[in-house]
Amino acid sequence: MAPVSRPSSMASATQLDPDLWLLDLAFQGAPNVIAAFLITGRDGHTLIETGPGSTLPALDEAVSQAGERVEDITQLAVTHIHLDHAGAAGALLRRLPDARLFVHPVGAPHMIDPSKLLASATRIYGDAMDRLWGAFEPCPADRVVTLADDAELRAGARTLRALHTPGHASHHIAFVDMEHRTAFTGDVAGVRLGAVPYVRPPTPPPDIDIPAWHESAHRLRSLGLRALDLTHFGRIPGAANHLDTLVRNLDDWLAWTTDRLRRGEDPAIIAEELMRKGEMDVIRAGGSAADAAAYELATPSRMSVDGIARYVKRR
Ligand SMILES: [Zn+2]
């Protein structure tokens, strides 16, 4: 059956703080899978994560539900350059001639010239590229600003620190707000959807790094944060527990997958088994089969297995 393309009317905005909105981009018509965050400010708003090109209408809708205007966004900041986090940046910069994009130095060249990024994504997604992700437009070089480790970014009344947090990707930043004791963690703190207390480690190709990931989780844990704002999905209270669970599940998935790869099993079969294991993990944590399907949408098993296979081979 062909996938039904649903209207973006599932998009929504939830106020987390007087100046902070969680935007649900209703990815593929599903709520609670891909988020962006809007920090409002008198001199312009900051958007943390842009979502992919395919959710731009939903972004518009969510921003207007927050009572704000996309036209008032002056800063885009992305945790990393994967399509679900940064795909709409170029289109937004075209629409917002005074806005700038803040990104990790390793990611910046690919935002300016996304051809390599798109070629490798096309190898993974093939025909589904456009339906899933929409267009990824290049960003004008003079409006791309790189953030060194621990660099400060002013966002409205907030000061964010750009912590380089490799592991999920070499070009990953967590934006830490020490005053509010929260952080926008992109994918380095894993995936936890809805009310299910289960943290899935997203391990896509091409450059996961497990020791670096442990170190990044440790670094975030040491900050004594009271909550994490996850792109997949939303505000999680209690950073330490969450990060401990992530690291435990990361090690578990790595060992489970590596074991099967070493035995020479077919990665496609391993991915199917991992999907079933993932579903059991979600159900054991109190979630439903529908919750498990949402986890699979946010971080497909096939990609997780491919990422681990590539990581193991490289080492
Ligand atoms: Zn992601």
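Two strands pair if DSSP finds at least two bridges between them. The helices and strands on this tour are DSSP runs numbered from the N terminus, with labels H or I for helices of at least four residues and E for strands of at least two.

**Before you start**

This is a predicted model, in which local features need pLDDT of at least 70, side-chain atom pairs count only at pLDDT 80 or more, and totals for chains, interfaces and linings use all residues. Residues are numbered from 1 along each chain as its sequence is written, and side-chain values use heavy atoms, with hydrogens and water left out.

Colour by pLDDT, the predictor's confidence in each residue on a scale from 0 to 100. The protein has a mean pLDDT of 95, and 97% of its residues reach 70 or more. Now select residues 1-8: pLDDT stays under 50 there, and the model has six contacts for them beyond four places in sequence. A contact means heavy atoms within 4.5 Å.

**Stop 1: the parallel strands**

Select strand E5, residues 73-77. Four of its five residues are buried, so the rest of the structure largely encloses this strand. Buried means under 20% relative accessible area, exposed means over 50%, and partly exposed lies in between, using a 1.4 Å probe and protein chains only.

Leucine 47 has leucine 76 in E5 as its bridge partner. Strand E6 (residues 100-103) also pairs with E5 in the parallel sense, over three bridges, and here alanine 77 is partnered by phenylalanine 102 in E6. Carry on to strand E7 (residues 144-146), parallel to E6 and joined to it by three bridges. Look for valine 103 opposite threonine 146 in E7.

**Stop 2: the six-stranded sheet**

Show E8 to E13 together. These six strands form an open sheet in the order E8-E9-E10-E11-E12-E13, with mixed pairing. Strands E8 (151-155) and E13 (234-237) stand at the edges with a single partner strand each, so one side of each has no neighbour in the sheet. From one strand to the next, the twist averages 25 degrees.

Zoom in on E9 (residues 158-164) and E10 (residues 173-177), an antiparallel pair with four bridges. Alanine 162 is opposite phenylalanine 175 in E10.

Then click threonine 185 in strand E11. Is threonine 185 buried or exposed? Its relative accessibility is 0%, so it counts as buried. Beyond four places in sequence, its contacts include Thr79, His172 and Leu228.

**Stop 3: the zinc ion**

Which protein donors does the zinc ion have? They are Asp84 (OD), His85 (NE2), Asp187 (OD) and His232 (NE2), at 2.0 to 2.3 Å. Donors are N, O and S atoms within 2.8 Å of the metal (3.2 Å for Na, K and Ca); water is not among the atoms, so sites may look incomplete.

Aspartate 84 is in helix H2 (residues 83-86) and aspartate 187 in the loop between strand E11 (182-186) and helix H7 (210-221), so the pair ties together parts 103 residues apart in sequence. Both are buried: aspartate 84 has a relative accessible area of 10%, and aspartate 187 has 3%.

Check the angles too: the four donor atoms subtend 85 to 160 degrees, which makes the arrangement irregular. Four donors count as tetrahedral if all angles lie between 85 and 135 degrees; four count as square planar and six as octahedral if opposite donors are over 155 degrees apart and all others between 65 and 115; anything else is irregular.

**Stop 4**

Select helix H8 (residues 239-262), which lies across E12 (227-230) and E13 and runs at about 55 degrees to E12. Axes are lines fitted to C-alpha atoms, for helices over the stretch in contact, with angles from 0 to 180 degrees between N-to-C directions.

Threonine 257 is in H8 and is buried at 0% relative accessible area. Beyond four places in sequence, threonine 257 touches Ile270, Leu274, Val305 and Ile308. Alanine 271, in helix H9 (residues 267-284), is buried at 6% and contacts Ser301, Arg302 and Val305 beyond its sequence neighbours within four places.

**Stop 5: backbone details**

Most residues other than glycine have a negative phi, and most peptide bonds are trans. Proline 205 and proline 206 are joined by a cis peptide bond, with omega about 5 degrees. Another cis bond runs from histidine 232 to phenylalanine 233, with omega near -5 degrees. Finish at arginine 181, in the loop between E10 and E11, where phi is positive at about 55 degrees.
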